[in-house]
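Here is a short briefing for a first look. Keep the sequence and the 3D view side by side as you read.

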Amino acid sequence: MSKLTCIHGLNKGDEFPVHEGKNVIGRASDAGIVLFDKKCSRNHCMIVKKGNHYSIADCDSTNGTKLNGKTIGSNAKTCKFGDKIRIGKTVLILSDKAIGNFVQQTASDVAADLQKRKYGTLLSAAAVGVQRSHNDHNEDHHGGGFVAKLKSLLQKRVW
């Protein structure tokens with residue numbers, strides 16, 4: 001069973017099953033996957049599942065759909081597990097995990113990373129991700145304090 005997991009936006013934490021055939025994403029109450037994002041059109045985009053193959057197409061939405069950071073049009077684009085779909089401020093990830101397994105999936109991924117990498121490398125990668133996220137969203141709720149403290153800790157190798 002595949003699903004879309006919302007990792008950012010008003011639906012954060014919600015999981016939506018992706019069924020065989022057409023799966024419409026939008027604000028309309030009859031859309032298969034309903035989002036609460038103001039930038040989401042009533043019928044925003046559609047994911048089509050055919051066996052183990054997935055494609056996504058924008059449904060001529062007002063604000064567009066992005067797949068892994070690239071704007072897509074009404075021509076279907078292939079998508080795969082791990083791909084990120086952005087609709088307004090909402091970010092969804094396509095996953096092959098069953099509904100409810102997002103936390104376990106994340107924990108197992110972290111455990112695998114910890115076994116393969118040095119802690120400093122892992123924390124440095126996390127700091128870069130936090131900095132990119134911070135820059136991308138221009139949300140400076142903490143006056144840059146969090147990022148600065150994380151960088152300081154990494155430089156001192158205190159963890």
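Leu-92 is buried, because its relative accessible area is 0%, and under 20% counts as buried. The model is predicted.

**Around Leu-92**
- Leu-92 sits in strand E11.
- Beyond its neighbours within four places in sequence, Leu-92 is in contact with a list of residues that includes Leu-4, Thr-5, Cys-6, Phe-16, Ile-25 and Leu-35.
- The list also includes Asp-83, Lys-84, Ile-85 and Ile-87.
- Gly-82 lies 10 residues from Leu-92 in sequence, and the C-alpha to C-alpha separation is 9.5 Å.

**The sheet that holds E11**
- Strand E11 belongs to an open sheet of 6 strands.
- The strand order is E2-E1-E11-E10-E7-E8, and the pairing is antiparallel.
- Strands E2 (15–18) and E8 (70–72) are the edges, each pairing on one side only.
- From one strand to the next, the twist averages 30°.

**E10 with E11**
- Strand E10 covers residues 84–87, and strand E11 covers residues 90–95.
- These two strands pair in the antiparallel sense over 4 bridges.
- Across this pairing, Arg-86 stands opposite Val-91 in E11.

**The partners of E3**
- Strand E3 (residues 21–26) pairs with strand E5 (residues 45–50) in the antiparallel sense, over 5 bridges.
- Lys-22 has Val-48 in E5 as its bridge partner.
- Strand E3 also pairs with strand E4 (residues 33–34), in the parallel sense and over 2 bridges.
- Ile-25 stands opposite Ile-33 in E4.
- Ile-25 is also among the residues in contact with Leu-92.

How values were computed
Residues are numbered from 1 along each chain as its sequence is written. This is a predicted model: local features need pLDDT of at least 70, side-chain atom pairs count only at pLDDT 80 or more; totals for chains, interfaces and linings use all residues. Side-chain values use heavy atoms; hydrogens and water are left out. Two strands pair if DSSP finds at least two bridges between them. Axes are lines fitted to C-alpha atoms, for helices over the stretch in contact, and angles run from 0 to 180 degrees between N-to-C directions. Buried means under 20% relative accessible area, exposed over 50%, partly exposed in between (1.4 Å probe, protein chains only). Contact means heavy atoms within 4.5 Å.
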